[in-house]
Amino acid sequence: MIKRVSSVLLLCLIVSLLVAAPVPAQEEITLRFMGWIGLFEFYVPAWEYMIEEFEARHPGVTIEYIGTPFEETLNQATVAILGNNAPDIIQAVASWTPQLNAMGALASLDGLIDPEVIENTPEAARAALTYDGSLKALEWVPAPIVMVYNRNLLEEAGLDPDSPPQTWEEFVDAVERICALPAREDGSSVFGVSLRTARHPNSGHWSLPVIWGFGGDLINEAGEVVVDEEPAVNAFEWYKNVVTSGCSPEGFGVQESRNVFMQGRAGFIFEGPWVRGLVNSLTEGEWTVAPDGDVWLAPMPAGPDGSRRMISNSHVLVISEQSPHKELAAEFIQFITTDLEAVNQYYEVSDQLSTAQLDLLTSGAMGEDEYVQIFVDAMANADPVPVQHPQWDAMADVLSLSLQQLFQGADTAETLRNAASEIEQLLAS
Amino acid sequence: MILNKRARFVFVSFLLLPSVLLVAVFIIYPLANGVRLSFTNASPLRPLTRYIGLENYIKLLSDSTFWEVLYNSVLIIGVSTALSLVVGFLLALALNTGLRGTWVFRTAIFQVWVVPWIAATILWGWLFNSEYGIINYTLQQTGLTAEPLSWLARPALAQLVMILGFVWRTIPFMMVVSLAALQGIPQELLEAAAIDGASYLKRLRFVTIPLVRNVLLTVGLLQAVRMFQEITMPWVLTQGGPVNATTTLSLHAYKLAFQRWEFGLSSAVGTLWLVFLLVFAVIYMKLLVRERE
Amino acid sequence: MRYPRNVAGRILLYVAILFSLIAMLFPIGWMLSTAFKPASEVFAFPPTWIPANPTFEAFRGAITGPLARFFLNSFIVAAGTTLLATFSGALAAYALSRFPFRGSQSLLLFFLASLAFPLPLLMISMYMMFAQLRLLNSFWALIIGHTVITLPIVVWLLKSFFDTLPREVEEAAYIDGAGPFHTLIRIVFPMSRPGLAASSIFIFVTSWNEFMFGLTFTSSNELRPLPAGISLVFLQEFQYRWPEMMAVATIATIPILALFLFFQRQFIQGLTVGAVKG
C-alpha cells in the first residue's frame with residue numbers, strides 16, 4: 001500500500017516539476033496585462049474584443065492576461081514587481097499608485113501616451129496621478145463615490161424622493177427619519193444609512209467624504225494632520241452616534257453593507273458607478289435605477305461652505321518601469337481607452353462609465369445616459385488620490401481602527417488625537 | 001555499529017546533509033537576517049535601507065497596539081489550549097474505560113482534526129452569523145438571549161468565537177494524545193490502588209494524573225506554540241477586528257510585513273516574539289529541573 | 001473490569017460520550033446540511049435540519065471557476081512537500097537514531113525549537129530570497145516553505161520510530177557485508193512503513209491546510225493552493241451565498257478526510273509513538 005502511495009506521490013512530484021519549469025521564451029512579442037477586468041463573466045465579451053482587435057491590428061503581438069481579484073491585485077502586483085517579473089500593464093485603483101510609485105515601479109507616461117489623450121481626461125485625476133511633475137497613471141474608469149438612495153424609503157419617511165438631501169444637515173436629518181421607520185414584515189429593522197465600518201482600510205477611505213462634509217480634513221493644504229480638529233471630531237462623533245443608535249449596521253464590510261441596502265433595509269449608501277449593475281444583479285432585476293425608479297443617486301451632500309468634495313475609486317492603467325515594451329503597452333492603453341467600439345462594448349457590458357475620455361463620455365450612448373452624466377458632473381470635484389503618500393493605505397487603516405474604537409465606547413476627541421499622531425508618524429516614515 | 005570511523009562520518013554526513021542544508025538556508029539564515037532587519041527601516045517601498053538602531057523597538061514598545069495584541073494572543077491561545085487539553089483529557093478518560101463501541105466515537109471525533117482551517121473558518125462564519133446563524137437561532141429559541149448577538153462585532157464575543165474555533169479544532173488531537181498516555185499507565189498500579197480501596201476519583205487524582213501530567217503539559221505547550229502561528233481564522237473571519245480584539249501576534253507581524261511592507265518593523269515584532277519565547281523556555285526549564293530535584 | 005460496574009454508571013457514561021460526539025460533529029453536519037440546500041431554504045424560519053429539497057446546485061456553482069485548479073495546485077504542493085520532507089527527514093532521523101554523535105541531542109532540540117520560531121519573521125527573508133531567485137509565484141516557493149515547517153516534526157516522529165526498531169536486523173545485514181545505503185534502503189525503510197506513513201500523512205495534512213505561504217508567495221490562480229484560493233476568490237464572489245460557501249468548504253475537506261480515514265490506524269500508531277515517547 002505504501003509503495004503504491006509513494007509511487008503516486010512520485011508521479012505528482014514529476015508533474016509538479018514540469019509545471020514549475022519556466023515556459024520557453026517566444027519569438028513574438030507578448031504584452032502581459034494584470035488586472036481584474038476579465039474575471040467578471042459579463043465583462044468578458046468586451047475584454048475579448050479589446051484583445052482580439054488589438055492583436056489583429058498588431059500582427060505578432062499577443063496579449064497575455066493575468067487575472068487577479070480586485071482586493072488582491074495590489075499585493076499580487078507587488079509580488080511580481082519585487083520578483084522582477086512585473087507585467088507590462090497593470091490595472092490599478094488610483095489610490096494604489098503612491099505605493100507602486102514609491103517602489104519605482106511606474107514608468108512615466110509623458111512621451112509615451114499621446115498628449116491629446118492625456119488632456120482629454122479630467123483635470124482633477126490628472127493632477128492626482130502626477131508625481132514630481134510626471135504623469136504615472138492614466139485614468140481608465142472614473143468612479144466618483146456619490147450618494148445613492150432608496151426612493152421608496154425616503155417617501156415612506158415623509159421625504160421628497162425627487163429632492164434628496166443637499167447638505168450634510170439635511171442628510172443627517174433624513175438618516176434619522178428613515179431610521180425611525182417601523183420594522184419590516186420579516187421583523188428586520190431599517191437602517192438610515194449603510195456605512196462601511198469593517199476593520200479594513202476601505203472603511204477609512206470611505207470616511208473621508210464624511211469628514212469633508214462636516215468641514216474637516218485629514219491633512220490640510222500645509223501638510224499638517226488636522227483629523228483631531230473640531231470638524232473631523234464632529235464627523236466621527238456622528239459616525240459613533242449613527243452606529244451605536246442602530247441607524248447604521250456595525251462592522252459591515254463592502255458586501256454586507258450592499259446586501260442590507262439591496263434588501264430595502266437602508267435609506268442611503270455611498271457607492272460608485274458600479275451600483276447600477278449591482279442593483280440589477282443583487283435584486284435580480286426587481287429594482288430599477290432611474291430618477292423615478294426604486295433607486296436613484298445624487299452628488300454627495302454639500303459641506304458647511306457649500307462645496308461638495310468627493311472621493312473617487314477610479315480604475316487606472318499603469319505601465320511598469322520593468323516593461324521591455326513600453327511603447328506597445330502605451331498603444332494598447334490608448335486603444336482600450338479611446339477606441340469607440342471598445343469603449344461602447346465595455347459600457348454595454350458593465351453598465352457604467354467605460355473611459356475617462358471626456359469627449360466620449362459626453363457624446364453617443366453615454367452622453368444620453370442620465371445616470372452616467374451624474375458621475376461625469378461629479379468628476380470635477382472627485383479626488384482619486386486623497387493623500388499622495390505610499391503609506392496612504394496604512395493611514396486609512398488607522399481611521400478604520402478609530403471608527404471601531406468609537407463603537408466600543410471610546411472618547412471621540414481622544415481617539416482622533418491618537419489617530420492623528422499615528423498618521424503623523426506614517427507621514428514622516 | 002560495525003562501520004569504521006571514516007565510513008561512519010561520511011554516511012552520517014550524507015544522511016544529515018539535506019535537512020541541515022534546508023534548515024541552514026531556510027530557517028537559520030532567515031532568522032539571523034530577520035534579527036538584522038529589525039534594526040533597519042527595510043521596506044520594498046523605500047529605495048534605500050539604512051540602520052536605524054533601536055527605533056523600531058521604541059516605536060513598538062511605546063505603542064499600545066503591540067501590548068494589546070500580545071495580551072489578546074496570550075488570552076485567546078492560552079484559554080483555548082487549556083480548554084482543549086481539559087476536554088480532550090476528559091474524553092480520553094471516558095474512552096479509556098473499556099466500554100464497548102468506543103472506537104467508533106474515537107474515530108468520529110478524530111476526523112475533526114483534519115478539517116482544513118479554511119473550511120472551519122467559513123463554517124464558523126456561518127454558524128455565528130448574526131442574522132441567520134444557527135447559534136443565534138438556538139440561543140433565542142431557548143430564551144437564553146432576547147436579541148441576536150453580533151458575534152463578530154463585539155470584542156469579547158469575537159474572541160470567544162476564535163477560542164471556540166481553536167478549541168474545536170484542537171480537542172481531537174489532545175484526545176488522542178491523552179488516550180495514548182493513559183494507555184501507557186501500567187495496569188497493575190491502578191489495580192493495586194483499587195484493591196487498597198481507593199475510589200475512582202482518588203485513583204485519578206493520585207495515580208493517573210501525576211503519571212500523565214508531564215506528557216500532557218508538554219503536548220499542550222507544543223500545541224500553544226503552534227497556535228501562535230495560526231492566522232487563517234482571524235485573517236478571514238475578522239481581519240483581526242473589531243478594534244484589535246482578534247489580532248494575534250502572527251497576524252500583526254504578517255500585516256506589518258505584507259500589507260504595509262514594513263519589513264523592519266515587522267522583523268522587530270518577530271524578534272521580540274523570539275525573545276519572549278526564549279525567556280519562557282528558560283523559565284520552563286528551570287521549573288522542570290526544580291521539580292525533578 | 002475498568003468500566004463502571006453498575007448499569008446506571010455505564011448509561012451515564014454513554015450519554016456523556018454521545019453528547020460530546022454530537023457537539024463535536026454538529027458543525028460538520030450543519031455544513032453538509034447547508035451545502036445541500038437550495039438558496040431559498042437556507043434562510044427558512046425555522047431552519048430545517050435535514051434539507052427538505054436536497055440539491056447539488058451549490059456544488060455545481062462552486063466547481064465552476066478555478067476551484068478544480070486550486071485543488072490540483074494543493075495536491076501538487078502537498079505531494080511535493082511530502083516527498084521532500086519525508087526524504088530529508090527520514091535520512092536525518094535515521095542518523096540521529098543510529099549514529100548519535102556529539103551535538104546530536106542539541107540538533108534534535110533545535111529541530112523542536114524551530115517549530116516555535118515566528119513564521120512571519122522567517123517569511124520576510126524567504127520572500128526576499130525567493131524574489132531574487134525568481135522563485136516567487138512558483139510551486140517551489142510553497143514546497144520549500146511547507147517542508148521547512150514540517151521537517152522538524154518529521155525528524156522527531158521518525159527518530160522515535162526508528163528507536164523502537166530492533167537493531168539486530170541491521171547488524172545482521174552488516175555482518176552479511178551489506179553497505180550502509182543498501183541496509184537503509186532495503187532493510188530499514190521497508191520495516192518503517194507505519195512510521196513513514198504516519199509522517200507522510202502528517203505532512204500532507206499540514207501542507208493541505210497551510211494558508212500564509214500560499215497567500216504570500218503566489219500571485220496567480222494557476223499556482224494558488226486551496227486555502228489561499230478560496231479566501232481570495234470564493235469569499236469575494238460567494239459572500240453570503242452560504243450553500244456555495246459550504247459546498248466549497250465540503251469540497252476542501254472531503255479528500256483529506258478520505259485519505260485520513262483510510263490511513264488512520266497507522267497514523268495514530270506512528271503519532272503516539274512520537275508524542276508519548278518524545
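User: How many residues of domain 1 of chain A are in contact with domain 2 of chain A?
Analyst: In this predicted model, chain A is divided into domain 1 (27-136 + 315-355) and domain 2 (146-311 + 388-428). On the side of domain 2 of chain A, 10 residues take part in the contact. The number on the side of domain 1 of chain A is 8 residues.

User: Which helix gives the most to the side of domain 1 of chain A that touches domain 2 of chain A, and how do the residues of that side divide into nonpolar, polar and charged?
Analyst: The most, 3 residues, comes from helix H4 (residues 97-102) of chain A. The residues of that side of domain 1 of chain A divide into 3 nonpolar, 4 polar and 1 charged. The helix asked for is H4 of chain A.

User: What distance separates the centres of domain 1 and domain 2 of chain A?
Analyst: The centres are taken over C-alpha atoms. For domain 1 and domain 2 of chain A, the separation is 30 Å.

User: What radius of gyration does chain A have, and why does that value agree with a compact globule?
Analyst: The C-alpha trace of chain A spans about 65 × 60 × 50 Å along its principal axes. Buried residues make up 50% of the 429 residues in chain A. A compact globule with 429 residues would have a radius of gyration near 22 Å, so the value for chain A agrees with it. That value is 23 Å.

User: What percentage of the contacts in chain A with a separation of 6 or more comes from residues 24 or more positions apart?
Analyst: Chain A has 19 helices and 13 strands. Among the contacts in chain A with a separation of 6 or more, residues 24 or more positions apart account for 74%.

User: Which are the edge strands of the open sheet of 5 strands in chain A?
Analyst: The strand order in this open sheet of chain A is S2-S1-S3-S12-S6, and the pairing is mixed. An edge strand pairs on one side only. The edge strands are therefore strand S2 (61-67) and strand S6 (138-141) of chain A.

User: What is the average twist from one strand to the next in the open sheet of 4 strands in chain A?
Analyst: This open sheet of chain A has the order S8-S9-S7-S10, with mixed pairing. Its edge strands are strand S8 (191-193) and strand S10 (295-298) of chain A. From one strand to the next, the twist averages 30°.

User: Which residue in S10 of chain A is the bridge partner of A:Tyr149?
Analyst: Strand S7 (residues 146-150) of chain A is joined to S10 of chain A by 4 bridges. The two strands run antiparallel. The bridge partner of A:Tyr149 is A:Trp296.

User: Which helix of chain B gives the most to the side of chain B that touches chain C?
Analyst: The contact between the two chains involves 73 residues of chain B and 74 residues of chain C. The most on the side of chain B, 16 residues, comes from a helix spanning residues 5-37. The residues of that side divide into 55 nonpolar, 16 polar and 2 charged. The helix is H1 of chain B.

User: Which helix gives the largest share of the side of domain 1 of chain C that touches domain 2 of chain C?
Analyst: The domain assignment of chain C gives domain 1 (7-56) and domain 2 (59-277), with centres 32 Å apart over C-alpha atoms. Contact joins 8 residues of domain 1 of chain C to 8 residues of domain 2 of chain C. Helix H1 (7-35) and helix H2 (39-42) of chain C each give two or more residues to that side of domain 1. The largest share, 4 residues, comes from H1 of chain C.

User: Is B:Val243 buried or exposed?
Analyst: B:Val243 is found in the loop between H10 and H11 of chain B, and its phi is near 50°. There are 23 other C-beta atoms within 10 Å of B:Val243, and 20 or more make a residue buried. B:Val243 is therefore buried.

Key. Residues are numbered from 1 along each chain as its sequence is written. Chains are lettered from A and ligands numbered from 1 in the order in which they are written. This is a predicted model: local features need pLDDT of at least 70, side-chain atom pairs count only at pLDDT 80 or more; totals for chains, interfaces and linings use all residues. Two residues are in contact if their C-beta atoms, placed from the backbone, lie within 7 Å. Ala, Val, Leu, Ile, Met, Phe, Trp, Tyr, Cys and Pro count as nonpolar, Asp, Glu, Lys and Arg as charged, and the others, Gly among them, as polar. The radius of gyration is taken over C-alpha atoms; the globule rule is 2.2 Å times the number of residues to the power 0.38. A residue is buried if 20 or more other C-beta atoms lie within 10 Å of its own, exposed if 12 or fewer, and partly exposed in between; C-beta atoms are placed from the backbone. Domain bounds come from an automatic or database domain assignment. Axes are lines fitted to C-alpha atoms, for helices over the stretch in contact, and angles run from 0 to 180 degrees between N-to-C directions.
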